[in-house]
Structure formats: C-alpha cells, structure tokens
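Please read the following account of pockets and salt bridges alongside the predicted model shown here.

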Amino acid sequence: MKYYLLIITSLTLLLLGCSESSKNQEIDHPNVLFISVDDLNDWIGPLGGHSQAITPNLDKLFSQGVSFTSAHCSQAVCTASRNSLLSGLDPTTTGWYASTKAMRINYDTVMKDHQMLPEYFKNNGYNTYAVGKVFHDGKSDNPKHTKDYWTECAPAFWNHMEENIEKAGYGYRGKMFYPFPKDGGQLVQLYGEDTINNYYKPKNRFYALCGGPLSKEDIPEKGMYDEQSASWAIDKISQKQDKPFFMAVGFIRPHVPYTAPQKYFDLYDKDSIQLPDIPEDEMSDIPLMGKSIAFGRTPNGGWYDVNRKKEILPELVHSYLACVSFVDDQIGKVLDALENSPNAKNTIIVLWSDHGQHLGEKHHFRKQALWEESTRVPLFFEVPGEDRTGERCAQVVSLLDIYPTLTDLCHLDRLPKLEGTSLIPLIENPEGTREEPVLSTWYYKNHAVRSNRWRYIQYRDGSEELYDHTTDPGEHINLAGDPKYAEVIAEHKKWLPKNNAIPAGKTEYTADKLDKRIQEWIKTDSIPMWLR
C-alpha cells in the first residue's frame with residue numbers, strides 16, 4: 001500500500017512540476033502587442049489633457065495596467081523619436097536628429113554590435129509582425145534592413161490610392177497621412193490653391209496643418225488606412241501562433257491632416273469646443289532660439305496664419321479631438337480581438353506615442369519643440385501576472401526605457417548599448433521614484449531636462465528657460481532669469497549630455513534653419529510681433 005501511495009505522490013508532484021514548468025515557460029516568453037500612436041498628446045481621458053476628449057477604449061485599457069503620466073520622448077519628431085525608441089539609443093549618441101536619409105549614412109556604424117528592437121526579438125525566436133506606421137516610413141526607415149526586423153509585414157495600404165483622394169493632398173509627399181479635406185484644408189484655402197500649386201507644392205508641406213470631417217466619397221474604398229491596419233492586426237492576432245510573437249501596430253492619426261469620418265466629429269459640439277489656455281504675452285520671456293522654434297513651418301509662421309481667420313483654431317482643435325476618438329476606436333478593435341484570441345492570457349500590451357502635439361500653446365503648432373506639449377506622451381504597460389489595475393506612476397520616464405523593459409519582461413539578455421532604464425521596478429511599485437530626469441532634444445544641442453518638478457531648457461546659444469510644474473503646469477512663466485533658482489538650474493545642468501553627436505551625414509556642425517532665421521531677424525529687426 002505504501003508503495004502505491006509513493007507512486008501516486010510522485011506522479012502528482014511530477015504533474016504539478018510539469019504544469020508549473022509549462023506556466024513558467026509561457027511567462028518567460030510572453031507575446032508583445034506593441035501599439036504606437038502618431039502625434040498623440042495628453043488629450044485622452046486617462047491623462048486629462050483636454051476635458052472633452054472622448055476615448056472609451058483607452059479609458060478601459062488604462063484601467064487594466066500601469067500608465068506613466070509623465071513619459072517623454074527623446075526628440076519630438078517622428079523619425080528621431082521612433083528610431084531612438086526602437087534602437088534604444090539617444091539622438092545625442094547617434095546623430096539621428098531628423099532626416100531618415102541622413103540616418104542611413106551612419107546606420108551601420110551606430111548599430112554595430114547592436115540591434116533594433118524587433119530585430120532583437122526576431123533573433124531570439126519571436127515571430128515579428130508590422131502593420132501601419134512603426135518606423136517613420138512604416139515598416140522600416142532603412143529598406144536594406146527591413147528583412148532583419150520582421151517575419152511578416154502588412155502591405156502599405158496607402159499605395160495606389162484613389163485619384164480624388166490624391167488630388168485633395170496637393171502633392172503632399174507623405175501618402176500614409178491622407179486623406180486631406182476635399183478642398184485641401186484651411187491653409188490651402190487661406191493661401192489660395194494657385195499659390196500652393198505654383199510656389200509651395202514642390203518644396204513646402206506646411207498646408208498639412210488642417211482638418212475636417214470626411215464623407216464616404218472622401219475615404220479610401222477599403223477604409224481609412226488606420227482601419228485597414230486594425231483589420232490586418234486583428235486577423236493576425238486571432239491566429240494561434242507557433243512561436244511567441246512581437247506585433248507592432250502603428251496608428252497614423254492624430255497626425256496631420258486632422259481628418260476622420262464624420263461620425264467622430266459628431267461626438268463633439270463644435271460650438272462649445274474648449275481651446276487651450278494661451279496667454280497674450282506667452283512669448284515675452286522666451287529666448288530667440290525658442291521663438292525660432294515656435295515660428296513653425298508656414299511661410300508667415302503658424303500662429304500668425306492660423307489667427308488670420310478666427311474659425312481656424314477652433315476647427316483644428318475640434319478636428320484633433322475627432323481624430324483622437326477615431327484612433328481610440330481602432331485601438332479598441334485590436335484590443336477586443338486580443339481579448340477574444342488564444343493569446344489573451346500571455347501578451348504584454350505596451351502603448352505609446354512618438355511625441356506630443358501643440359494646438360497653439362507657446363504660439364506653436366504640431367511638435368518639434370522642447371516644451372511639455374511636444375515631449376509628453378501617453379505610455380502604458382499591461383503585464384500578464386501583474387495585478388496592477390488602473391495604477392498611475394507619476395515618475396518622469398523616457399521612451400528610451402521601453403526597450404530594456406521589454407527585454408527584461410521577456411527574459412532576454414540586456415544589450416550593452418541600451419541607454420534607457422528598465423521600468424519594471426515602477427511597474428511593480430508605481431509609487432516608486434528614481435533620481436534621473438529625462439532628456440529631450442530638438443536638433444543639435446538644444447535640450448530640455450524634465451525632472452518630476454521642473455523643466456529646464458538650454459538652447460545651443462546658452463539661453464535658458466525654467467518652469468516649475470507644481471505652480472505652472474502650463475509653462476507660462478520662465479523662471480530662468482531669477483537668481484533664486486540658480487541652484488535648481490545648476491542641478492539640472494548636470495544631466496545635459498557631455499557629448500553631442502554631430503548630425504548624421506555631417507563632419508561638423510553648420511548653421512541650420514533655426515540659426516538662419518534668427519540671423520535674419522537680427523539683421524532686419526524683424527522678429528514677428530506675435531513672438532515678442
């Protein structure tokens with residue numbers, strides 16, 4: 001009898017051990033659903049950046065894991081931010097400040113003995129999938145390396161678009177961002193169609209700053225490109241996989257033009273849209289380099305052009321909110337598919353945006369700046385086995401932290417070149433803190449250091465800004481000139497990079513458009529009144 005009991009006990013322990021081993025194996029190599037959203041600022045329900053934002057799917061998602069309420073990008077433009085995140089390297093290390101073309105010149109040197117995030121997962125036994133805008137150009141910014149990154153990629157849905165849709169874009173080169181409003185949008189109408197066609201169409205894409213609702217005939221036959229991306233992801237995520245997967249789903253909206261189907265505009269009362277708080281003297285204490293950045297891309301400056309007609313700013317805000325609700329809907333479709341799939345219990349969800357978006361704050365539009373509206377982004381993690389529902393972490397963190405966090409969560413070796421810090425301690429304890437602030441850069445040697453309380457900006461000419469987020473979350477009062485904050489400034493200066501890589505493709509730094517604009521202003525005494 002004892003002999004049989006011993007056998008039964010041994011078999012029971014063996015079965016339990018196998019079950020536990022299988023469970024641990026699943027946890028060791030979880031799937032990753034990697035959702036990126038282009039140009040999404042804090043205008044979502046969970047971050048409260050705009051009280052009227054309607055984002056039920058993000059509200060639900062953020063209630064199921066840990067959100068980082070002060071996450072920031074390393075550079076507030078698509079190419080640089082995405083390649084920084086996906087390489088795990090800061091732009092000041094790589095020299096990748098803006099251009100994909102320039103980035104390709106030193107890519108092999110920078111990436112020697114290193115790998116892009118999806119490449120590393122692929123080389124560690126994962127199926128890697130890409131759909132939509134993951135890198136700046138979609139599936140890759142370096143075509144000769146695309147096959148290194150992905151097991152399978154979705155087609156570029158924006159190729160071969162309908163003629164009427166292409167015509168409304170007035171030659172805008174970023175095809176993935178279509179459709180435009182039927183009439184080209186607010187700035188095409190402001191400048192005139194002939195002026196756009198004759199002077200700006202070949203070289204300046206400023207007129208993408210526009211928005212409006214789309215009727216059925218304005219939309220591609222198979223749906224908005226984000227809708228097509230969601231459908232592709234849903235099909236793939238619903239399948240049983242033979243290996244763990246890393247699936248990157250890149251949504252394009254709310255990138256300009258701010259267009260979406262009419263029903264998303266109808267969610268909002270256009271006559272009661274709340275506009276950002278923009279003091280009249282917003283720019284009076286901003287250094288010249290900050291003013292040059294704020295000027296933007298339109299020929300007369302973004303703030304000047306938008307304010308030439310009083311209805312344009314409310315239309316842009318309404319349009320941006322509609323696009324946020326539209327992309328929220330697409331995210332919800334993908335999340336529902338995951339929830340109903342065989343992969344629901346063993347998939348990490350990480351959602352992020354590449355940078356924020358200005359809607360007139362600091363007399364600036366879009367991104368490409370060093371203020372809060374440009375650098376702050378949504379960042380969210382849901383990790384299987386972590387009972388952290390609806391937790392919020394206020395510690396400042398960087399998008400550079402995503403790469404090491406995912407490799408740690410998936411029990412992959414840490415690559416030695418990675419410059420971010422794993423977020424696992426903060427996921428496990430969202431009330432935790434750490435010493436280091438976050439560095440954001442805009443072009444060569446213009447930097448912002450964001451700590452939990454302060455934002456310190458130092459431009460390449462040595463001029464400075466300082467904002468206290470406990471009393472001035474809108475960053476309206478520049479304290480840098482007040483001697484009593486000298487110690488705060490000195491402490492933040494310690495975190496500025498000791499070395500700044502020369503922009504990729506160059507052997508020495510030469511004046512860029514920001515410098516040249518300032519030189520012209522000084523020479524002709526022509527700083528625009530709205531920037532003074």
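The second largest pocket holds about 500 Å³ of space. Its lining consists of 23 residues, and Asp42, Trp43, Gly49, Glu361 and Glu373 are the closest to its centre. By class, the lining of this second largest pocket has five nonpolar, 11 polar and seven charged residues.

The lining of the largest pocket divides into 10 nonpolar, seven polar and nine charged residues.

Charged side chains also pair with one another in this predicted model, for which the count of salt bridges comes to 28. Asp38, Arg82, Lys133 and Asp354 are joined in a network of such contacts.

Among the individual pairs, Arg455 and Glu475 form a salt bridge with an N to O distance of 2.6 Å. This pair connects distant parts of the chain: Arg455 belongs to strand 18 (residues 454-458), while Glu475 sits in the loop between strand 19 (464-468) and helix 19 (486-493), 20 residues apart. Both Arg455 and Glu475 are buried.

Another salt bridge joins Arg434 to Glu436, at 3.8 Å from N to O. Arg434 counts as buried because its relative accessibility is 18%, under the 20% limit. Glu436, at 25%, is therefore classed as partly exposed.

Glu491 and Lys494 form a further salt bridge, their closest N and O atoms lying 3.1 Å apart. Glu491 has a relative accessibility of 37%, so Glu491 counts as partly exposed. Lys494 has a relative accessible area of 55% and is therefore exposed.

Conventions: Residues are numbered from 1 along each chain as its sequence is written. This is a predicted model: local features need pLDDT of at least 70, side-chain atom pairs count only at pLDDT 80 or more; totals for chains, interfaces and linings use all residues. Side-chain values use heavy atoms; hydrogens and water are left out. Ala, Val, Leu, Ile, Met, Phe, Trp, Tyr, Cys and Pro count as nonpolar, Asp, Glu, Lys and Arg as charged, and the others, Gly among them, as polar. On a 1 Å grid over the protein atoms alone, a cavity is a set of points where a 1.4 Å probe fits but cannot get out, and a pocket is an open set with protein on both sides within 12 Å along at least five of seven lines; lining residues have an atom within 4 Å of a point. Grid points are joined across faces, edges and corners, and a volume is the space filled by probe spheres set on the points. A salt bridge is a side-chain nitrogen of Lys or Arg within 4 Å of a carboxyl oxygen of Asp or Glu. Buried means under 20% relative accessible area, exposed over 50%, partly exposed in between (1.4 Å probe, protein chains only). Helices (H or I, at least four residues) and strands (E, at least two) are DSSP runs, numbered from the N terminus.
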